[in-house]
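These are my notes from going through one model, entry by entry. I began with charged pairs and then moved to helices, loops and surface.

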Amino acid sequence: MRFDRTSTSIAGRWWWTVDRPTLLALFLLICIGAVLVTASSPAVAVRIGASPFHFIHRQHFFLVLSLFVMFIVSLQSAQNVRRLAIIGFLASICLMMLLPIMGIEIKGAKRWLTLLGVSVQPSEFLKPCMAVVMAWIFHLRNQYVGFPGWRIAIGLYVLVVALLLIQPDLGMVVTVSTMWALQFFLAGLPFVWVILLPLGGVCGLFGAYHVFSHVRKRIDNFLDPASGDNYQVAKSLEAFGNGGWFGQGPGEGKIKLSLPDSHTDFVFAVAGEEFGLIACLIIVFLFAFIVIRGMSKIWNEKDFFTMLAVAGLLTQFGIQAIINMGVAVNLLPAKGMTLPFLSYGGSSLIAIALGMGMMLALTRRRYGYAAMKR
């Protein structure tokens, strides 16, 4: 099988049309995630009475599965990506409607369902699918005069936010709201919405502070650390302090032994303690590179749907990384949100791989044609 620029095989065409620098950055994040979960999870597994390799085996399985999902999705055409997103969006909405009845309650929130013996978090899969669906709706509104795209988009957004608040999951609300607002802005929203959206966001946060006790507690603890329990954040900052520039070395971290969520929400702290500030800056650079390169590729994109979809997918990818790392270094109030490809988690890994596969597929189309002409 030939594997040069003239190759007609599926793998050959994919290799010469996909954005390889972005693909390399994503692969590096996955490799770093495998190392960090291997370093951070044994202590957590022992604390819950499981085998020290319990989380490691599961994480490596899901990482391989994530690579496969990302590859398969990145092969698809824009039309197939849109179809996949519509099916995923509708399925996620249906599953989220079942959460109040059949959901598994963890730490006061019902975000998980057990399907065929496997725990699934529907909202994780909703995010990438929603980005593509909203892009399609805004595209139809731009293409067909009289199509009520804005009304449909607002209605679906309100439905999604309502389902997320029932769980409740304010962090996910912030993520999808930021993504949706950016797409709405790029789609040419009226000036009045430019004023109403930020105002609505501020009112929403103010309302969440007074309605949800856990939100109020976390914000109060962030503004006044002496007012409550900041154990994990304090331990996270201690881990960064112990790591210094180059870290204590792989497996030599001590803070992770007493950090309950070291393999999930605070995996960035493990990177800081064992590999140091330099490694943390490399991780930040990889996330920034993926988002900035993706945004630069759609800067002059003529296809309206592709531009909006890629912008939405990259926005939620970047926002999730910012929230996780911001919490770890005490720049944001505590919020249970995984670090893409680095934190332990099945649903999160597969959903992020789905979103990045969609992004690679949509950017590959334009990038590939130019490459094949040379």
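**Salt bridges.** I searched the whole structure, a predicted model, and found five salt bridges. I wrote up three of these pairs, starting with Arg111 and Asp169, whose side chains meet at 3.9 Å, N to O. Arg111 belongs to strand S2 (residues 109–115) and Asp169 to the loop between helix H6 (149–166) and helix H7 (170–186), so this pair ties together parts that are 58 residues apart in sequence. I then looked up the accessibility of each partner. Arg111 has a relative accessible area of 17%, so I list it as buried, the cut-off being under 20%. Asp169 is buried too, at 2% relative accessibility.

The next pair I noted is Lys127 with Glu124, where the closest N and O atoms are 3.3 Å apart. Both residues sit in helix H5, three residues apart, which is about one turn of the helix. Lys127 has a relative accessible area of 3% and is buried. Glu124 counts as buried at 7% relative accessibility.

For Lys256 and Glu274 I read 2.6 Å, N to O, for the salt bridge between the side chains. Lys256 is in the loop between helix H10 (231–243) and H11, while Glu274 is in helix H11, so the pair ties together parts that are 18 residues apart in sequence. I have both Lys256 and Glu274 down as buried.

**Helix H5.** H5 covers residues 122–143, 22 residues in total, and runs 31 Å from its first C-alpha to its last. That is close to the 32 Å expected at 1.5 Å a residue. I did find a bend of about 30 degrees in H5, at Cys129.

**Positive phi.** Most residues other than glycine have a negative phi, so I looked for exceptions. Asn330 has phi near 65 degrees, a positive value in a residue other than glycine. Phe341 is not a glycine either, and its phi is positive at about 70 degrees. I placed Asn330 in the loop between helix H12 (304–328) and helix H13 (346–373), and Phe341 is also in the loop between H12 and H13. Their accessibility is as follows: Asn330 is partly exposed at 27%, whereas Phe341 is buried at 1%.

**Pro52.** I located Pro52 in the loop between helix H2 (20–47) and helix H3 (54–74). Its relative accessibility is 36%, so I class Pro52 as partly exposed. Which residues does Pro52 contact, leaving aside neighbours within four places in sequence? I got Pro42, Ala45 and Val46. I also took the C-alpha separation between Pro52 and Ser41, eleven residues apart along the chain, and it comes to 7.5 Å.

**Val118.** Val118 lies in strand S3 (residues 118–120) and is partly exposed at 44% relative accessibility. I computed 9.8 Å between the C-alpha atoms of Val118 and Ser347, which are 229 residues apart along the chain.

**Nonpolar surface patch.** I found a nonpolar patch on the surface formed by Trp245, Phe246, Leu277, Ile278, Leu281 and Ile282. Together these residues have about 640 Å² of accessible area. I followed up Leu277, which lies in helix H11 (residues 267–297). Leu277 counts as partly exposed at 35% relative accessibility.

**Whole chain.** I left the totals for last. The protein chain has 13 helices and three strands. It contains 374 residues, of which 50% count as buried. Among contacts in the chain with a separation of 6 or more, 71% come from residues 24 or more positions apart.

Note on methods. Residues are numbered from 1 along each chain as its sequence is written. This is a predicted model: local features need pLDDT of at least 70, side-chain atom pairs count only at pLDDT 80 or more; totals for chains, interfaces and linings use all residues. Side-chain values use heavy atoms; hydrogens and water are left out. Helices (H or I, at least four residues) and strands (E, at least two) are DSSP runs, numbered from the N terminus. Buried means under 20% relative accessible area, exposed over 50%, partly exposed in between (1.4 Å probe, protein chains only). Contact means heavy atoms within 4.5 Å. Patches are made of residues with over 30% relative accessible area and no salt bridge: like charges are joined within 9 Å, nonpolar side chains (Val, Leu, Ile, Met, Phe, Trp, Tyr) within 5 Å. Accessible areas come from the Shrake-Rupley method with a 1.4 Å probe; for residues, only the protein chains shown count as cover. A salt bridge is a side-chain nitrogen of Lys or Arg within 4 Å of a carboxyl oxygen of Asp or Glu. The expected span of a helix is 1.5 Å times one less than its number of residues. The bend at a residue is the angle between axes fitted to the seven residues ending there and the seven starting there.
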